[in-house]
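Me: I have a model open and want to learn to read its features. Can we go through a few, one at a time?

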Amino acid sequence: MKYRPRTLDDILGHEAAVTRLRGMVASGKLPNALLFTGPSSVGKTTLARALATELNGKPAEKQQDYQEINGTDQRSIEDMRNLIQVSKFKPSGKKRIIVIDEAQGVLTNAPAAAALLKPLEEPSPDTLWILCSMDPTKFGSGNGKAIANRCTQFVLEPHSNGELLKQALRIAKGERMRYVDKELD
């Protein structure tokens, strides 16, 4: 957690996604909902948190307008109704941001997934929904497809070896670790 990127500037890789998100923020034309898909540990939730920081000017974990749930653990109709209710309140900052991590889990409960359709299509103007999923195939039919169609989609690819090396160097320097391999510089 110590070295997890906290801002869009800190994100390694995903240049196209970061550029696109920055453009949306700068233009003020942020969509109602975003869907980040990609393999496990690719940075979907990290990107959502960094975007929240960009939008509201402080780290996501310090924002009262930021809410994050795990869709495999919190996927009941009551969970979705609670999020929908929260989404209607005016934020204290610029935007209320609701992140559903592992959003494919919500799709296993048809009433919960159906409940999510309307606020994604007609959300409060002050709310941004961000769904993260490591299983984009779940969004190919039924409620999943309807949800995906209401979102601006970003497909995140695994990091390259060079990007991973850059992060390893960042950590080594941050921890004042010595390394011998000249290939690392």
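Me: Is Thr-127 buried or exposed?
Reply: This is a predicted model, so read every value as computed. Buried means under 20% relative accessible area. Thr-127 has 2% relative accessibility, so Thr-127 counts as buried.

Me: In which strand is Thr-127 found?
Reply: Thr-127 is in strand S4, residues 127-133.

Me: Which residues does Thr-127 touch, not counting those up to four places away in sequence?
Reply: Asn-32, Ser-87, Lys-95, Arg-96 and Ile-98. Look at Ser-87 again: its backbone oxygen lies 2.7 Å from a polar atom of the Thr-127 side chain.

Me: Now helices. What describes a packed pair?
Reply: Two packed helices are described by the angle between their axes and the distance between the axes. Take H3 (residues 77-87) and H4 (residues 110-121): their axes come within 8 Å and cross at roughly 15°. Angles under 35 degrees count as roughly parallel. H3 and H4 are therefore roughly parallel to each other. Their crossing is right-handed.

Me: Which residues make the contact of H3 and H4?
Reply: H3 brings Ile-77, Met-80 and Ile-84. H4 brings Pro-111, Ala-112, Ala-115, Leu-116 and Pro-119.

Me: Which residues of helix H5 are buried?
Reply: In H5 (residues 142-149), Gly-144, Ala-146, Ile-147 and Ala-148 are buried.

Me: What do the buried residues of H5 pack against?
Reply: They pack against strand S1 (33-37), H4, S4 and strand S5 (152-155).

Notes. Residues numbered from 1 in each chain as written. Predicted model: local features only at pLDDT ≥ 70, side-chain atom pairs only at ≥ 80, totals over all residues. Heavy atoms only, no water. Axes fitted to C-alpha atoms, helices over the stretch in contact; angles between N-to-C directions. Helix = DSSP H or I, 4+ residues; strand = E, 2+ residues; numbered from the N terminus. Parallel < 35°, antiparallel > 145°, perpendicular 65-115°, else oblique. Left-handed = near helix turned anticlockwise from the far one by under 90°. Contact = heavy atoms within 4.5 Å. Buried < 20%, exposed > 50% of the residue type's maximum accessible area, 1.4 Å probe, protein only. Polar contact = N/O pair within 3.5 Å; in protein donor to acceptor, adjacent residues only side chain to side chain.
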